[in-house]
Amino acid sequence: MMGTTADIRRDNSLSIVRYISAVGTASRRELAEATGLSFATVAAISADLLTSGVLTASAPERNAVGRPTARLQLNGERGVFLALDIVEDHLEIATYDSGLRGLSRSRVQFERQFVAPDELLSVVRAAIRSQAEVNAPRTVIGIGVSAPGVVDPVTATWMLAPPWQWRQVTLADLADDVVDHADSDGAGRGGVGRYDATARHVALDNPQRMLATAELWSNPVRADQTFVVLSLGAHVTSGIAINGRLLRGRTNTAGQWGHSVLVAGGRPCHCGSYGCVETYLGAEGILRTLRDIDSDSPLLNNGDTTTAIEELARAVVTGDPVANKTVDRTGHYLGAAIASMVNLLNPDAVVLTGWIGELLGAYLLGRARTQIETCALDVPLRATMIELGRPSTDQVCLGAAAEALERSLIELSRERIASAGSAEVSNQLAEV
Ligand SMILES: [Zn+2]
(Lines give C-alpha, C1' and ligand atoms only; values in the text may rest on other atoms or scores of the structure.)
Protein backbone atom coordinates (compact mmCIF):
# COMPACT_ATOMS: atom_id res chain seq x y z
CA MET A 1 0.00 0.00 0.00
CA MET A 2 1.30 3.45 -0.90
CA GLY A 3 1.83 5.85 2.01
CA THR A 4 0.14 9.24 2.07
CA THR A 5 2.21 12.37 1.57
CA ALA A 6 2.09 12.94 5.34
CA ASP A 7 3.40 9.38 5.89
CA ILE A 8 6.27 10.01 3.48
CA ARG A 9 7.15 13.27 5.20
CA ARG A 10 7.05 11.56 8.62
CA ASP A 11 9.27 8.72 7.36
CA ASN A 12 11.71 11.23 5.86
CA SER A 13 11.77 13.07 9.16
CA LEU A 14 12.52 9.80 11.01
CA SER A 15 15.33 8.99 8.55
CA ILE A 16 16.93 12.38 9.19
CA VAL A 17 16.70 12.15 12.99
CA ARG A 18 17.90 8.53 12.97
CA TYR A 19 20.93 9.37 10.86
CA ILE A 20 21.87 12.30 13.08
CA SER A 21 21.49 10.04 16.13
CA ALA A 22 23.85 7.47 14.59
CA VAL A 23 26.58 9.93 13.54
CA GLY A 24 26.18 12.56 16.27
CA THR A 25 26.16 15.63 14.05
CA ALA A 26 25.57 16.34 10.37
CA SER A 27 25.14 19.24 7.96
CA ARG A 28 22.06 19.45 5.77
CA ARG A 29 24.16 18.54 2.75
CA GLU A 30 25.54 15.44 4.48
CA LEU A 31 21.99 14.48 5.43
CA ALA A 32 20.84 14.80 1.85
CA GLU A 33 23.70 12.57 0.67
CA ALA A 34 23.15 9.97 3.39
CA THR A 35 19.36 9.73 3.12
CA GLY A 36 18.97 10.21 -0.63
CA LEU A 37 16.51 13.08 -0.01
CA SER A 38 16.76 16.36 -1.89
CA PHE A 39 18.52 19.26 -0.18
CA ALA A 40 15.23 21.23 -0.24
CA THR A 41 13.38 18.41 1.55
CA VAL A 42 16.14 18.10 4.16
CA ALA A 43 16.09 21.88 4.67
CA ALA A 44 12.28 21.99 5.10
CA ILE A 45 12.15 19.05 7.50
CA SER A 46 15.14 20.17 9.55
CA ALA A 47 13.55 23.64 9.88
CA ASP A 48 10.48 21.96 11.41
CA LEU A 49 12.62 19.83 13.72
CA LEU A 50 14.54 22.91 14.87
CA THR A 51 11.30 24.80 15.55
CA SER A 52 9.90 21.93 17.60
CA GLY A 53 13.17 21.62 19.55
CA VAL A 54 14.03 18.08 18.42
CA LEU A 55 17.25 19.36 16.82
CA THR A 56 19.67 22.13 17.61
CA ALA A 57 22.05 23.81 15.19
CA SER A 58 25.59 24.92 15.83
CA ALA A 59 26.71 28.40 14.79
CA PRO A 60 27.43 28.34 11.04
CA GLU A 61 31.02 27.67 9.97
CA ARG A 62 32.49 28.49 6.58
CA ASN A 63 33.04 25.41 4.46
CA ALA A 64 35.70 24.87 1.76
CA VAL A 65 33.92 27.11 -0.76
CA GLY A 66 33.21 29.76 1.84
CA ARG A 67 29.49 29.06 2.39
CA PRO A 68 28.26 29.18 5.99
CA THR A 69 27.19 25.70 7.11
CA ALA A 70 25.45 24.86 10.38
CA ARG A 71 25.71 21.41 11.85
CA LEU A 72 22.62 19.76 13.30
CA GLN A 73 22.42 17.50 16.34
CA LEU A 74 19.75 16.02 18.55
CA ASN A 75 18.70 18.35 21.34
CA GLY A 76 19.57 16.48 24.54
CA GLU A 77 17.93 19.15 26.73
CA ARG A 78 14.34 18.53 25.62
CA GLY A 79 13.71 15.91 28.30
CA VAL A 80 14.31 12.22 28.92
CA PHE A 81 13.13 8.86 27.66
CA LEU A 82 12.73 5.90 29.98
CA ALA A 83 13.55 2.47 28.57
CA LEU A 84 12.35 -0.72 30.22
CA ASP A 85 13.39 -4.26 29.47
CA ILE A 86 11.06 -6.78 31.12
CA VAL A 87 12.81 -10.13 31.48
CA GLU A 88 11.58 -13.31 33.12
CA ASP A 89 13.29 -12.67 36.46
CA HIS A 90 14.11 -8.97 36.43
CA LEU A 91 13.46 -5.53 35.02
CA GLU A 92 16.12 -3.25 33.54
CA ILE A 93 15.25 0.42 33.53
CA ALA A 94 17.43 2.99 31.82
CA THR A 95 17.18 6.73 31.29
CA TYR A 96 18.31 8.47 28.11
CA ASP A 97 18.35 12.15 27.36
CA SER A 98 16.47 13.37 24.31
CA GLY A 99 19.68 13.00 22.28
CA LEU A 100 19.64 9.25 23.17
CA ARG A 101 22.67 9.51 25.44
CA GLY A 102 22.43 7.06 28.32
CA LEU A 103 22.17 8.77 31.71
CA SER A 104 21.57 5.92 34.15
CA ARG A 105 20.52 2.31 34.39
CA SER A 106 19.33 0.08 37.19
CA ARG A 107 17.94 -3.39 37.69
CA VAL A 108 15.02 -4.57 39.78
CA GLN A 109 15.29 -8.27 40.57
CA PHE A 110 11.89 -9.96 40.89
CA GLU A 111 11.82 -11.58 44.28
CA ARG A 112 8.81 -13.75 43.75
CA GLN A 113 6.80 -15.45 41.04
CA PHE A 114 4.01 -13.22 39.78
CA VAL A 115 0.58 -14.80 39.56
CA ALA A 116 -1.37 -11.96 37.97
CA PRO A 117 -0.25 -9.23 35.53
CA ASP A 118 -1.12 -6.45 38.01
CA GLU A 119 1.57 -7.72 40.39
CA LEU A 120 4.25 -7.27 37.73
CA LEU A 121 2.79 -4.00 36.52
CA SER A 122 2.83 -2.47 40.00
CA VAL A 123 6.59 -3.22 40.19
CA VAL A 124 7.04 -1.69 36.73
CA ARG A 125 5.04 1.43 37.64
CA ALA A 126 7.01 1.92 40.84
CA ALA A 127 10.28 1.72 38.87
CA ILE A 128 8.98 4.25 36.33
CA ARG A 129 7.89 6.67 39.05
CA SER A 130 11.20 6.35 40.84
CA GLN A 131 13.15 7.08 37.62
CA ALA A 132 10.90 10.02 36.80
CA GLU A 133 11.56 11.45 40.29
CA VAL A 134 15.31 10.92 39.99
CA ASN A 135 15.29 12.81 36.71
CA ALA A 136 12.99 15.65 37.79
CA PRO A 137 12.66 18.44 36.80
CA ARG A 138 13.52 17.05 33.38
CA THR A 139 10.39 16.07 31.47
CA VAL A 140 9.75 12.44 30.65
CA ILE A 141 8.88 12.63 26.95
CA GLY A 142 8.19 8.97 26.37
CA ILE A 143 8.61 5.41 27.59
CA GLY A 144 9.81 2.44 25.59
CA VAL A 145 9.06 -1.04 26.87
CA SER A 146 10.59 -4.30 25.69
CA ALA A 147 8.53 -7.34 26.63
CA PRO A 148 9.15 -10.92 25.51
CA GLY A 149 6.58 -12.82 23.50
CA VAL A 150 3.88 -11.45 21.21
CA VAL A 151 3.10 -7.75 21.42
CA ASP A 152 0.88 -5.32 19.53
CA PRO A 153 2.84 -2.06 19.29
CA VAL A 154 -0.14 -0.14 17.90
CA THR A 155 -2.30 -0.58 21.00
CA ALA A 156 0.62 -1.25 23.40
CA THR A 157 -0.90 -4.61 24.31
CA TRP A 158 1.16 -7.60 25.46
CA MET A 159 -0.76 -10.25 23.54
CA LEU A 160 1.13 -13.20 24.97
CA ALA A 161 3.65 -13.13 27.83
CA PRO A 162 5.36 -16.54 27.69
CA PRO A 163 7.12 -16.47 31.09
CA TRP A 164 3.74 -16.25 32.81
CA GLN A 165 1.40 -17.41 30.04
CA TRP A 166 -0.65 -14.20 30.32
CA ARG A 167 -2.65 -12.91 27.41
CA GLN A 168 -3.93 -9.45 26.46
CA VAL A 169 -2.14 -7.36 29.08
CA THR A 170 -2.55 -3.66 28.39
CA LEU A 171 0.57 -1.54 28.89
CA ALA A 172 -0.71 1.62 27.18
CA ASP A 173 -1.40 3.44 30.45
CA LEU A 174 1.98 2.72 32.08
CA ALA A 175 3.12 6.21 31.17
CA ASP A 176 0.09 8.16 32.34
CA ASP A 177 1.54 9.11 35.72
CA VAL A 178 4.77 10.55 34.48
CA VAL A 179 4.80 11.45 30.81
CA ASP A 180 4.39 15.11 30.04
CA HIS A 181 1.20 15.64 28.10
CA ALA A 182 1.48 19.42 27.97
CA ASP A 183 0.83 21.11 24.67
CA SER A 184 3.65 23.02 23.03
CA ASP A 185 2.16 26.26 24.41
CA GLY A 186 2.56 24.81 27.90
CA ALA A 187 -1.16 24.24 28.51
CA GLY A 188 -1.90 20.85 30.02
CA ARG A 189 -4.28 18.57 28.25
CA GLY A 190 -5.91 17.38 31.42
CA GLY A 191 -5.18 13.70 30.97
CA VAL A 192 -4.92 11.54 27.94
CA GLY A 193 -8.52 11.70 26.78
CA ARG A 194 -7.56 13.35 23.53
CA TYR A 195 -5.35 10.50 22.51
CA ASP A 196 -6.42 7.48 20.65
CA ALA A 197 -4.56 4.27 21.44
CA THR A 198 -1.95 4.81 18.76
CA ALA A 199 -0.95 8.21 20.09
CA ARG A 200 -0.05 7.28 23.62
CA HIS A 201 3.54 7.51 24.62
CA VAL A 202 4.30 3.87 25.44
CA ALA A 203 6.34 2.32 22.66
CA LEU A 204 5.99 -1.43 23.18
CA ASP A 205 7.91 -4.04 21.24
CA ASN A 206 9.70 -7.30 21.84
CA PRO A 207 13.43 -7.54 22.52
CA GLN A 208 14.44 -8.81 19.09
CA ARG A 209 12.77 -5.81 17.46
CA MET A 210 14.44 -3.48 19.97
CA LEU A 211 17.84 -4.96 19.03
CA ALA A 212 17.24 -4.23 15.34
CA THR A 213 15.96 -0.73 16.18
CA ALA A 214 19.10 -0.03 18.22
CA GLU A 215 21.25 -1.00 15.23
CA LEU A 216 19.30 1.43 13.04
CA TRP A 217 19.68 4.29 15.53
CA SER A 218 23.31 3.75 16.52
CA ASN A 219 25.08 2.54 13.39
CA PRO A 220 24.94 4.89 10.37
CA VAL A 221 25.84 2.19 7.84
CA ARG A 222 22.62 0.37 8.72
CA ALA A 223 20.40 3.21 7.46
CA ASP A 224 19.32 1.43 4.28
CA GLN A 225 20.78 -2.02 4.89
CA THR A 226 19.14 -5.41 5.06
CA PHE A 227 20.44 -7.01 8.24
CA VAL A 228 19.65 -9.58 10.89
CA VAL A 229 20.46 -9.39 14.59
CA LEU A 230 20.65 -12.92 15.97
CA SER A 231 20.20 -13.21 19.72
CA LEU A 232 21.38 -16.32 21.55
CA GLY A 233 20.28 -16.73 25.16
CA ALA A 234 17.77 -18.86 27.02
CA HIS A 235 15.69 -18.21 23.90
CA VAL A 236 16.86 -17.73 20.34
CA THR A 237 15.37 -14.92 18.28
CA SER A 238 16.21 -12.55 15.48
CA GLY A 239 15.39 -8.96 14.60
CA ILE A 240 15.31 -8.27 10.88
CA ALA A 241 15.44 -5.03 8.90
CA ILE A 242 14.88 -4.96 5.16
CA ASN A 243 16.44 -1.96 3.40
CA GLY A 244 16.54 -0.04 6.69
CA ARG A 245 13.00 -0.87 7.78
CA LEU A 246 12.02 -3.25 10.55
CA LEU A 247 10.36 -6.42 9.34
CA ARG A 248 7.32 -7.04 11.52
CA GLY A 249 5.20 -9.42 9.45
CA ARG A 250 1.42 -9.61 9.61
CA THR A 251 1.23 -10.35 13.36
CA ASN A 252 4.44 -8.62 14.50
CA THR A 253 6.05 -12.03 14.98
CA ALA A 254 8.54 -12.02 12.09
CA GLY A 255 12.03 -13.24 12.97
CA GLN A 256 11.15 -16.31 15.03
CA TRP A 257 14.35 -17.86 13.79
CA GLY A 258 14.61 -19.88 17.02
CA HIS A 259 11.56 -21.88 15.96
CA SER A 260 12.55 -22.52 12.38
CA VAL A 261 13.54 -26.15 11.92
CA LEU A 262 17.25 -26.90 11.82
CA VAL A 263 17.07 -30.72 12.11
CA ALA A 264 13.91 -32.37 10.76
CA GLY A 265 12.56 -34.66 13.47
CA GLY A 266 15.25 -33.43 15.86
CA ARG A 267 15.09 -32.47 19.53
CA PRO A 268 11.62 -31.71 20.96
CA CYS A 269 10.97 -27.99 21.48
CA HIS A 270 8.70 -26.28 24.01
CA CYS A 271 6.81 -24.76 21.08
CA GLY A 272 5.52 -28.25 20.22
CA SER A 273 7.73 -28.76 17.16
CA TYR A 274 10.93 -30.77 16.76
CA GLY A 275 14.45 -29.81 15.78
CA CYS A 276 14.00 -26.03 16.21
CA VAL A 277 17.11 -23.84 16.06
CA GLU A 278 16.55 -22.97 19.73
CA THR A 279 16.90 -26.61 20.78
CA TYR A 280 20.51 -26.51 19.49
CA LEU A 281 21.56 -22.88 19.99
CA GLY A 282 19.64 -21.86 23.12
CA ALA A 283 21.20 -22.29 26.57
CA GLU A 284 19.39 -25.58 27.26
CA GLY A 285 20.21 -26.83 23.78
CA ILE A 286 23.94 -26.17 24.18
CA LEU A 287 23.91 -28.03 27.51
CA ARG A 288 22.04 -30.89 25.85
CA THR A 289 24.86 -31.08 23.28
CA LEU A 290 27.39 -31.09 26.12
CA ARG A 291 25.48 -33.94 27.77
CA ASP A 292 25.40 -35.87 24.47
CA ILE A 293 29.19 -35.54 24.23
CA ASP A 294 29.94 -36.49 27.85
CA SER A 295 27.05 -37.16 30.21
CA ASP A 296 29.51 -37.34 33.13
CA SER A 297 31.17 -33.99 32.46
CA PRO A 298 31.62 -31.93 35.64
CA LEU A 299 30.56 -28.95 33.51
CA LEU A 300 27.01 -30.26 33.89
CA ASN A 301 27.12 -29.79 37.66
CA ASN A 302 27.24 -26.01 37.71
CA GLY A 303 23.86 -25.08 39.09
CA ASP A 304 21.52 -23.03 36.95
CA THR A 305 21.68 -22.81 33.18
CA THR A 306 23.30 -19.39 33.08
CA THR A 307 26.11 -20.42 35.42
CA ALA A 308 26.64 -23.64 33.45
CA ILE A 309 27.09 -21.68 30.19
CA GLU A 310 29.45 -19.24 31.92
CA GLU A 311 31.53 -22.19 33.17
CA LEU A 312 31.48 -23.71 29.70
CA ALA A 313 32.86 -20.44 28.29
CA ARG A 314 35.67 -20.47 30.89
CA ALA A 315 36.45 -24.11 30.08
CA VAL A 316 36.74 -23.30 26.37
CA VAL A 317 39.39 -20.69 27.17
CA THR A 318 41.41 -23.18 29.25
CA GLY A 319 41.30 -25.76 26.48
CA ASP A 320 38.93 -28.28 28.09
CA PRO A 321 38.36 -30.94 25.35
CA VAL A 322 34.67 -31.58 26.14
CA ALA A 323 33.92 -27.85 26.23
CA ASN A 324 35.73 -27.38 22.92
CA LYS A 325 33.88 -30.27 21.32
CA THR A 326 30.59 -28.76 22.54
CA VAL A 327 31.44 -25.40 21.00
CA ASP A 328 32.60 -27.11 17.77
CA ARG A 329 29.29 -28.88 17.42
CA THR A 330 27.25 -25.82 18.41
CA GLY A 331 29.24 -23.74 15.91
CA HIS A 332 28.39 -26.32 13.26
CA TYR A 333 24.67 -25.89 14.02
CA LEU A 334 25.02 -22.11 14.10
CA GLY A 335 26.77 -22.14 10.71
CA ALA A 336 23.92 -24.06 9.10
CA ALA A 337 21.31 -21.76 10.66
CA ILE A 338 23.17 -18.59 9.60
CA ALA A 339 23.58 -19.96 6.07
CA SER A 340 19.78 -20.31 5.80
CA MET A 341 19.42 -16.65 6.79
CA VAL A 342 22.00 -15.63 4.19
CA ASN A 343 20.28 -17.60 1.44
CA LEU A 344 16.80 -16.41 2.41
CA LEU A 345 17.41 -12.68 2.97
CA ASN A 346 20.62 -11.81 1.07
CA PRO A 347 21.56 -9.49 3.95
CA ASP A 348 24.33 -6.89 4.15
CA ALA A 349 25.08 -8.01 7.69
CA VAL A 350 24.39 -10.73 10.24
CA VAL A 351 25.06 -9.53 13.79
CA LEU A 352 25.40 -12.04 16.61
CA THR A 353 24.43 -10.96 20.12
CA GLY A 354 22.50 -12.11 23.21
CA TRP A 355 24.26 -13.11 26.42
CA ILE A 356 25.47 -16.39 24.93
CA GLY A 357 26.63 -14.49 21.86
CA GLU A 358 28.64 -12.24 24.19
CA LEU A 359 30.15 -15.17 26.11
CA LEU A 360 30.81 -17.61 23.28
CA GLY A 361 30.18 -15.68 20.05
CA ALA A 362 33.81 -15.32 18.98
CA TYR A 363 34.41 -19.07 19.36
CA LEU A 364 31.08 -20.05 17.82
CA LEU A 365 31.52 -17.85 14.75
CA GLY A 366 35.06 -19.19 14.28
CA ARG A 367 33.75 -22.75 14.27
CA ALA A 368 30.66 -21.85 12.21
CA ARG A 369 32.66 -20.57 9.27
CA THR A 370 33.16 -23.92 7.47
CA GLN A 371 29.50 -24.80 7.70
CA ILE A 372 28.42 -21.32 6.57
CA GLU A 373 30.66 -21.63 3.50
CA THR A 374 29.32 -25.11 2.77
CA CYS A 375 25.62 -24.24 3.11
CA ALA A 376 25.34 -20.62 1.95
CA LEU A 377 25.28 -19.68 -1.70
CA ASP A 378 28.44 -18.01 -2.82
CA VAL A 379 27.05 -14.74 -4.21
CA PRO A 380 24.96 -13.67 -1.16
CA LEU A 381 27.63 -14.93 1.25
CA ARG A 382 30.33 -12.77 -0.32
CA ALA A 383 28.09 -9.72 0.22
CA THR A 384 27.37 -10.51 3.90
CA MET A 385 29.35 -9.19 6.87
CA ILE A 386 29.03 -11.62 9.78
CA GLU A 387 30.02 -9.93 13.01
CA LEU A 388 29.63 -9.76 16.77
CA GLY A 389 27.20 -7.17 18.10
CA ARG A 390 27.32 -4.82 21.07
CA PRO A 391 26.11 -6.05 24.49
CA SER A 392 22.46 -6.98 24.10
CA THR A 393 21.17 -5.57 27.41
CA ASP A 394 22.46 -2.12 26.43
CA GLN A 395 21.05 -2.48 22.95
CA VAL A 396 17.56 -3.60 24.04
CA CYS A 397 17.31 -0.52 26.29
CA LEU A 398 18.68 1.76 23.57
CA GLY A 399 16.17 0.28 21.10
CA ALA A 400 13.33 0.90 23.57
CA ALA A 401 14.42 4.52 24.05
CA ALA A 402 14.74 4.95 20.28
CA GLU A 403 11.25 3.55 19.69
CA ALA A 404 9.94 5.97 22.32
CA LEU A 405 11.69 8.81 20.48
CA GLU A 406 10.14 7.62 17.20
CA ARG A 407 6.73 7.66 18.87
CA SER A 408 7.25 11.19 20.12
CA LEU A 409 8.27 12.35 16.63
CA ILE A 410 5.18 10.76 15.12
CA GLU A 411 3.11 12.52 17.76
CA LEU A 412 4.80 15.84 16.98
CA SER A 413 4.06 15.49 13.28
CA ARG A 414 0.43 14.60 14.10
CA GLU A 415 0.12 17.71 16.28
CA ARG A 416 1.70 19.84 13.61
CA ILE A 417 -0.83 18.70 11.04
CA ALA A 418 -3.70 19.18 13.50
CA SER A 419 -2.63 22.65 14.60
CA ALA A 420 -1.36 24.13 11.35
CA GLY A 421 -4.70 23.96 9.57
CA SER A 422 -5.42 21.88 6.55
CA ALA A 423 -4.78 24.46 3.83
CA GLU A 424 -1.33 25.44 5.06
CA VAL A 425 -0.26 21.86 5.65
CA SER A 426 -1.55 20.78 2.26
CA ASN A 427 0.61 23.46 0.68
CA GLN A 428 3.63 22.43 2.69
CA LEU A 429 3.14 18.73 2.08
CA ALA A 430 2.84 19.39 -1.63
CA GLU A 431 6.39 20.71 -1.56
CA VAL A 432 7.80 17.40 -0.29
ZN1 LIG B 1 10.37 -24.47 18.67
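Student: What places Ala-156 in a loop, and between which strands?

Tutor: In this predicted model, Ala-156 lies in the loop between β10 (150-152) and β11 (157-161).

Student: Why is Ala-156 called buried?

Tutor: Within 10 Å of its C-beta atom there are 26 other C-beta atoms. The cut-off for buried is 20 or more, so Ala-156 is buried.

Student: What makes the phi of Ala-156 worth a remark?

Tutor: Phi of Ala-156 is positive, about 50°, although the residue is not a glycine. Most residues other than glycine have a negative phi.

Student: Which value does phi take in Asn-252, and where is Asn-252 found?

Tutor: Phi of Asn-252 is near 55°, again a positive value in a residue other than glycine. Asn-252 belongs to the loop between β16 (245-246) and α6 (278-281).

Student: Why is Asn-252 called partly exposed?

Tutor: The count for Asn-252 is 19 other C-beta atoms within 10 Å. Buried needs 20 or more and exposed needs 12 or fewer, so a count of 19 makes Asn-252 partly exposed.

Student: How do you know that the peptide bond between Ala-136 and Pro-137 is cis or trans?

Tutor: Omega is about 5° there, and the bond joining Ala-136 and Pro-137 is cis. Most peptide bonds are trans. Pro-137 sits in the loop between α4 (117-135) and β9 (140-146).

Student: What makes β1 and β2 edge strands?

Tutor: Three strands form an open sheet in the order β1-β5-β2, with antiparallel pairing. β1 (26-27) and β2 (55-57) each have a single partner strand, so one side of each has no neighbour in the sheet.

Student: How do you know that β2 and β5 pair?

Tutor: Pairing requires at least two bridges, and three bridges join β2 to β5 (residues 71-74), so β2 and β5 count as paired. The two strands run antiparallel, and Leu-55 stands opposite Leu-74 in β5.

Student: What makes up the chain as a whole, in helices and strands?

Tutor: The chain has 13 helices and 18 strands.

Student: Which residues touch the most other members of the largest nonpolar core?

Tutor: That core has 103 residues, and those touching the most other members are Ala-83, Leu-84, Val-145, Ile-338, Val-350, Ala-400 and Ala-401. Leaving aside residues up to four places away in sequence, the contacts of Ala-400 include Ala-83, Leu-84, Val-145 and Met-210.

Student: How many domains does the assignment give, and where are their bounds?

Tutor: The assignment gives domain 1 (5-74), domain 2 (80-205 + 396-418) and domain 3 (218-390). The centres of domain 1 and domain 3 are 38 Å apart, taken over C-alpha atoms. Four residues from domain 1 and four residues from domain 3 make up the contact. On the side of domain 1, helix α1 (residues 5-23) gives the most, with three residues.

How values were computed: Residues are numbered from 1 along each chain as its sequence is written. This is a predicted model: local features need pLDDT of at least 70, side-chain atom pairs count only at pLDDT 80 or more; totals for chains, interfaces and linings use all residues. Domain bounds come from an automatic or database domain assignment. Two residues are in contact if their C-beta atoms, placed from the backbone, lie within 7 Å. Helices (H or I, at least four residues) and strands (E, at least two) are DSSP runs, numbered from the N terminus. A nonpolar core is a set of buried Ala, Val, Leu, Ile, Met, Phe, Trp, Tyr and Cys residues joined through C-beta atoms within 7 Å.
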